[in-house]
Every structure is written in C-alpha cells, then in structure tokens.
Amino acid sequence: MGDLTTERSSATGTAPVLVASNRGPVSFSTADDGTLTLRRGGGGLVSGLSAIDDPNAVWVCAALNDADRRAAADAPDGRLDLAGHDVGGQAVRMLDIDPETFARAYNGVANSTLWFVHHLLYATPTAPAFDAGFRTEWAAYQAYNSAFADALAAEAAPNAAVLVQDYHLSLTPALLREARPDLRIGHFSHTPWAPPEYYRLLPDDVARAVLTGILGADRAGFLTERWARAFAACCQDLLGATIDHEALTVTHDGRTTHLGVHALGADADFLRERAHRPDVDERLTALRAAVGDRRTIVRVDRTELSKNIVRGLQAYRHLLRTRPEWHDRVVHIAFAYPSRTDLAEYRNYTAAVQDLAEAINTEFATPTWQPLILHVNDDFPRSLAAYRLADVALVNPIRDGMNLVAKEVPVVSDRGCALVLSREAGAHTELKDDALTVNPYDVIATAEALHTALTMPEEERADRTKRLAAAATALPPQQWFLDQLNALAPW
Ligand code: F6P
C-alpha cells in the first residue's frame with residue numbers, strides 16, 4: 001500500500017478503523033409516548049472494539065426494525081453519534097435499508113439460506129428449492145451488501161482497516177475493494193463453514209459470488225481451523241482457486257487472501273464481575289429454591305435450530321426413563337430464548353421444544369418434583385445465575401461456529417461444572433480434553449454422558465472446570481479484535 005494508492009483513491013472519510021455487521025452495538029424501541037429509547041448491546045464484537053480507544057472509529061450496521069429505521073433516518077447519513085445518541089466509544093452509522101429489501105436479505109438469504117447451508121440444517125428431500133422467489137431475495141442481498149460497501153467507502157480514511165463481519169455481508173469485501181482499493185479489508189465468519197459437497201447445494205452463481213465476495217478481503221478470519229479449511233476447500237472446488245495449505249492462503253484471479261484463525265474466548269473480567277451483582281444473586285436464590293438439594297443440568301441457548309435443543313430434551317427423557325435412580329434427584333434447567341421469530345421454522349421449533357418439555361414433566365413430575373424448568377424469555381442475569389448453579393452444562397449443537405456458553409459456564413461456575421459438549425461445536429477444539437464429548441445426533445450417548453457428568457467426583461469436576469476456564473479465556477474479545485486488526489497491517 002503506497003502513497004500512490006492513497007492519491008488515486010477518492011477517499012472522503014476520516015475513520016481509520018471500521019467495523020461492519022448486520023446487528024450493531026445499539027438498538028431502538030419506541031416508548032408509549034412515541035419517543036425513541038436506545039439500548040446498548042453486548043457481545044464479543046462490542047467488547048472487542050472497546051480495545052481501540054479511537055472516537056473516529058466507525059461501526060456500520062443495519063436498522064433492524066421500525067424504531068431503528070426512524071433513528072437512522074433522523075440522523076445525518078445515519079450517523080447516530082452526530083444526532084446526539086449515546087452509542088458508546090465509537091461512531092455508529094446505521095443504514096436505513098428499505099424494510100422489504102432488509103427482510104429478503106436477512107431472513108431470506110442470510111438466515112434461511114446461508115445459515116442453513118453452513119449449519120447443515122436442510123431436510124434435503126424437500127429443501128432447499130431455489131426458485132424465482134429466491135432470486136428476488138438474492139437481488140435484495142446484493143443491494144443490502146452494496147449499501148454496506150457504499151457506506152464503508154464513504155466513511156473510511158485513506159488506507160483504513162475495515163473488519164466486515166459474518167455471512168450477512170459476504171459480498172461486501174469485494175464490492176468495497178472495487179470502490180476503494182486503498183483499504184485493508186478483513187472478513188470474519190462467526191459461523192462454521194460448510195464442506196464443499198454441502199455448500200454445492202447453493203446455485204452455482206450464488207455459491208461462487210459468496211466465495212469471491214469474501215476473497216475480496218485481504219484476510220478472511222474463522223473461529224477454528226476446521227472452518228477455515230472448509231472455506232479453502234470450497235474455493236478450490238468451486239472456483240479452481242489455488243490453496244497453500246501450509247500458509248493457509250487462497251489465490252484466485254491473481255489475488256491472494258490470507259486465512260486467519262481467531263478462536264474468540266470468553267470475557268472473564270466482565271463475566272466474573274457481572275455474575276456477582278445483586279440481580280444475579282437474587283435469581284440464584286430463586287433457582288435454588290426451585291431446585292432444592294437436587295443436582296442440576298443447565299442449558300442456555302437461543303431457540304435456534306442448530307442448538308439441538310429437542311435432542312437435548314430427548315436425551316434427558318432417556319436418562320430419566322433408563323436410570324430411575326435420578327428421579328427426584330435432578331432438575332434440568334433449560335433456557336431457550338426467542339430468536340429469528342420471523343421464520344416459520346423457528347416458531348415451529350420453539351413449539352416443539354415447549355411440547356417436549358411439557359411431555360417430560362407430564363411423564364415424570366411428582367407433587368414435590370418438577371424434573372424440567374423451561375424458560376423461553378431472555379433474562380441475562382438469570383442465565384448467569386444458572387451458570388453459577390449448574391452441576392452439569394449441556395451444550396450439544398448440531399454444528400456451531402464456536403459456542404460461547406460452553407466457554408462462559410466454567411468461568412462463572414461456583415463449585416465446578418461438568419461440561420457435556422458436542423464435538424461439532426467450534427469450542428470443542430479447545431475444550432475437548434476436559435469436556436465429555438458427544439455426537440449431537442446420538443440421543444442415547446448424550447443421555448449416558450449426562451449420567452457420567454452427574455456422577456463425576458467433585459474434585460475431578462472442580463479440576464476440570466479450572467482447566468476449562470483457562471482454555472475458555474485464552475483469547476479474550478479485546479485481544480481477538482486487536483489480533484485481527486494487527487494482522488491487517490500492510491504486508
Ligand atoms: O454468527 C452468528 C451470529 O451472528 C452471532 O454473532 C449471534 O450471536 C447470532 O448469530 C445472532 O443472530 P441474530 O443477529 O440473527 O439474532
């Protein structure tokens with residue numbers, strides 16, 4: 001990157017560092033009197049970006065609902081900070097994308113197609129079927145990605161570093177490179193990546209566009225080496241790209257993209273402090289009262305198809321059916337909070353979880369014992385209370401980019417917690433030595449692992465938890481973010 005590039009570029013922005021993601025660091029709701037109320041969100045990216053103390057950094061995100069759209073439309077160029085909103089340490093440009101375009105891009109392509117492909121979620125005899133409706137959605141996804149590329153191009157200072165996040169924005173890196181060749185562009189996938197045989201379910205042009213879109217970046221980051229290698233395999237298979245397996249690079253059309261592996265860890269400082277505030281203690285007392293002196297199996301998830309909640313409940317039912325010694329001695333606490341409820345599959349899945357939970361309680365409950373406590377509303381302090389209380393944590397996704405619950409529980413656990421963990425979660429790579437590994441499709445093996453976890457000697461459980469916590473916090477969000485930024489330094 002020399003001065004020539006800078007001179008040639010038509011940069012107008014001032015941001016030296018930019019992040020782009022569908023969901024931003026803030027969201028709005030409309031109060032009864034019609035005024036907008038702002039809520040600041042959390043998560044790995046929010047704490048990651050706090051590592052750079054630069055008020056000129058800009059986070060570009062989409063307006064996700066009507067209140068967001070109102071706030072974005074009322075702000076100059078969507079710049080919420082310039083409109084006086086308290087958005088955190090950086091500037092935020094929220095894109096007021098037309099609701100129909102947004103819904104088609106987010107629900108139709110990102111969540112119903114790319115998410116399903118990467119998590120292997122299709123029941124393939126009937127789905128997917130890429131018809132005329134899909135083509136309308138794909139056009140919307142292209143427009144949505146262009147809107148991000150345009151906003152980033154406008155905000156970025158010469159030679160700025162831009163970190164584009166996730167499957168919603170797979171076309172943005174290439175579009176941005178075309179507009180602003182001076183920029184240093186990274187893309188990061190928070191999901192798994194599908195193996196080529198499954199990825200090829202996508203229409204050929206779409207499959208190729210997603211790959212070449214990401215290859216527009218200088219670096220493409222993944223949570224595990226497994227997902228990075230799957231991406232490289234797709235590039236080789238569908239684009240004929242050249243892969244350097246040692247250096248982990250993909251060369252296509254005369255450009256080389258470096259693949260990076262950054263295993264996002266739990267934020268130990270934040271979690272330990274947050275988990276001991278009074279609101280968490282209060283909920284812990286309530287949970288203890290409900291459980292009594294029984295053992296607990298805890299799970300906390302979005303109600304998400306890939307989280308495999310139904311098979312988790314089937315495994316618990318199998319445990320109670322085959323090992324009656326656990327009757328009245330264990331309670332399963334399952335928190336499955338709402339997610340992507342615009343999609344029928346997710347609404348149906350939530351109903352399936354609720355029906356099975358009810359059936360389990362009907363089959364086994366006694367006047368003094370409720371074997372399963374299911375909550376379907378989000379309550380973060382209550383989740384932390386459950387983490388502290390858990391004797392066993394069940395994390396059994398079909399496939400997961402990382403799974404931070406598996407990393408958070410050992411950090412927060414009061415007395416040590418045995419972790420039953422799917423081998424298909426990204427977190428398994430780092431936690432496998434001290435977790436009890438399960439095949440997420442094998443309900444009987446999962447039930448057996450729950451039994452082993454429940455009977456694990458206390459000392460062993462505490463020792464394993466210490467090691468799990470150390471592995472889970474190896475790469476805190478701030479370092480995770482800085483590593484990606486530093487790796488984008490001109491080479
Ligand atoms: O990569 C998966 C992801 O984008 C996570 O970062 C996030 O936890 C989750 O999906 C939430 O998805 P949504 O924004 O659709 O609620």
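Two strands count as paired if DSSP finds at least two bridges between them. I kept that cut-off in mind while going through this predicted model.

**Entry: β13 and β14.** I looked up strand β13 (residues 330-337) and found 4 bridges to strand β14 (residues 372-375). The cut-off is at least two bridges, so β13 and β14 pair. The two strands run parallel. Alanine 334 stands opposite leucine 374 in β14. I then followed the chain from β13 to β14: the path goes through helix α13 (residues 344-364), and this β-α-β crossover is right-handed.

**Entry: the open sheet.** I traced an open sheet of 9 strands with mixed pairing, in the order β5-β4-β1-β6-β7-β8-β11-β10-β9. Its edge strands are β5 (91-95) and β9 (242-244), each with pairing on one side only. On average, neighbouring strands here are turned by 20° against each other, direction ignored.

Within this sheet I checked β7 (residues 184-188) against β8 (residues 219-222): they pair in the parallel sense over 3 bridges. Glycine 186 stands opposite arginine 219 in β8. I also noted helix α9 (residues 225-239), which lies across β8, β9, β10 (249-252) and β11 (255-261). Helix α9 runs at about 155° to β11.

**Entry: the ligand.** I listed the residues around the ligand: Arg23, Tyr106, Trp115, Asp166, His190, Thr191, Arg302 and Arg340. A polar side-chain atom of arginine 23 lies 2.8 Å from one. For a side-chain N or O atom of aspartate 166 the distance is 2.8 Å, and for one of arginine 340 it is 2.9 Å. Taken alone, the ligand exposes 390 Å², of which the protein buries 69%.

Notes: Residues are numbered from 1 along each chain as its sequence is written. This is a predicted model: local features need pLDDT of at least 70, side-chain atom pairs count only at pLDDT 80 or more; totals for chains, interfaces and linings use all residues. Side-chain values use heavy atoms; hydrogens and water are left out. Axes are lines fitted to C-alpha atoms, for helices over the stretch in contact, and angles run from 0 to 180 degrees between N-to-C directions. Contact means heavy atoms within 4.5 Å. A crossover is right-handed if, with the strands pointing away from the viewer, the path from the first strand over the helix to the second runs clockwise. A residue is near a molecule or strand if one of its heavy atoms lies within 4 Å of it. A polar contact is a pair of N or O atoms within 3.5 Å; within protein, one must be able to donate a hydrogen and the other to accept it, and residues adjacent in sequence count only if both atoms are side-chain atoms. Accessible areas come from the Shrake-Rupley method with a 1.4 Å probe; for residues, only the protein chains shown count as cover.
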